[in-house]
Amino acid sequence: MPRPCSVCLHVDRDRIDRDLVDGKTALEVAGNAGLSRSAVDRHGRDHIPQSIAKARDIAEIARGDGLLAHAVGLTERAARMVDDAEEAGDRKMALVALRETRECLRFLDSLRPQPDSERDRLVAILGRVVEPADRVRVADALERAGL
Ligand SMILES: [Zn+2]
């Protein structure tokens, strides 16, 4: 098992990361933090990009959550408009709001992960049971069968 990174474990890691991102040299950062230059070099090369990638993933999830919440909010508003229009006896507006609600629901439904196609499931099963040497023949047979 590789040795844990002394910079990742350092009590001032956040400051060290900021200094590296700000362009300070590994030698400067190492001197300020009582670390070896090679450890700071390695950390800057291997671990800061990982941290940034994780932060991007988290930001993307948060963005997706925000968009989903917005779409749900639109759906709820459209549904309330149906109720309001019906209460006001405005059947034409109720019908318009009903159509809009239906569109919102369709949109939300389209966001659900799609199940694998029949072919994808078949290929996954065959991938587990067919010997690698026979897979090309099986794939050709599936193609010929239109699957
Ligand atoms: Zn590190």
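Visitor: What is the mean pLDDT of the chain?
Guide: This is a predicted model, in which local features need pLDDT of at least 70, side-chain atom pairs count only at pLDDT 80 or more, and totals for chains, interfaces and linings use all residues. Residues are numbered from 1 along each chain as its sequence is written. The pLDDT is the predictor's confidence in each residue, from 0 to 100. In this chain 99% of the residues reach 70 or more, and the mean pLDDT is 88.

Visitor: Which element of the chain has the lowest mean pLDDT?
Guide: Helices (H or I, at least four residues) and strands (E, at least two) are DSSP runs, numbered from the N terminus. The highest mean among the elements, 95, belongs to helix α2 (residues 26–33). The lowest, 75, belongs to residues 118–129, that is, to helix α5.

Visitor: What distance separates the centres of domain 1 and domain 2?
Guide: Domain bounds come from an automatic or database domain assignment. Domain 1 covers 13–114 and domain 2 covers 117–147. Taken over C-alpha atoms, the separation of the two centres is 37 Å.

Visitor: Are helix α1 and helix α3 roughly parallel or roughly perpendicular?
Guide: Axes are lines fitted to C-alpha atoms, for helices over the stretch in contact, and angles run from 0 to 180 degrees between N-to-C directions. The axes of α1 (residues 13–21) and α3 (residues 37–87) come within 11 Å and cross at roughly 100°. Angles under 35 degrees count as roughly parallel, over 145 as roughly antiparallel, 65 to 115 as roughly perpendicular and the rest as oblique. Therefore α1 and α3 are roughly perpendicular.

Visitor: Which residues of α3 make the contact with α1?
Guide: Two residues are in contact if their C-beta atoms, placed from the backbone, lie within 7 Å. On the α1 side the contact is made by D17, L20 and V21. On the α3 side, the residues are G44, I48 and S51.

Visitor: Is D65 buried or exposed?
Guide: D65 is placed in helix α3. A residue is buried if 20 or more other C-beta atoms lie within 10 Å of its own, exposed if 12 or fewer, and partly exposed in between, with C-beta atoms placed from the backbone. Because D65 has 10 C-beta neighbours inside 10 Å, D65 counts as exposed.

Visitor: How many other C-beta atoms lie within 10 Å of R91?
Guide: R91 is found in helix α4 (residues 91–110). R91 is exposed, and the number of other C-beta atoms within 10 Å is 10.

Visitor: Which residues is C8 in contact with, leaving aside its neighbours within four places in sequence?
Guide: C8 lies in the segment before α1. C8 is partly exposed because 15 other C-beta atoms lie within 10 Å. With the neighbours within four places left aside, the contacts of C8 are R13, H43 and H47.
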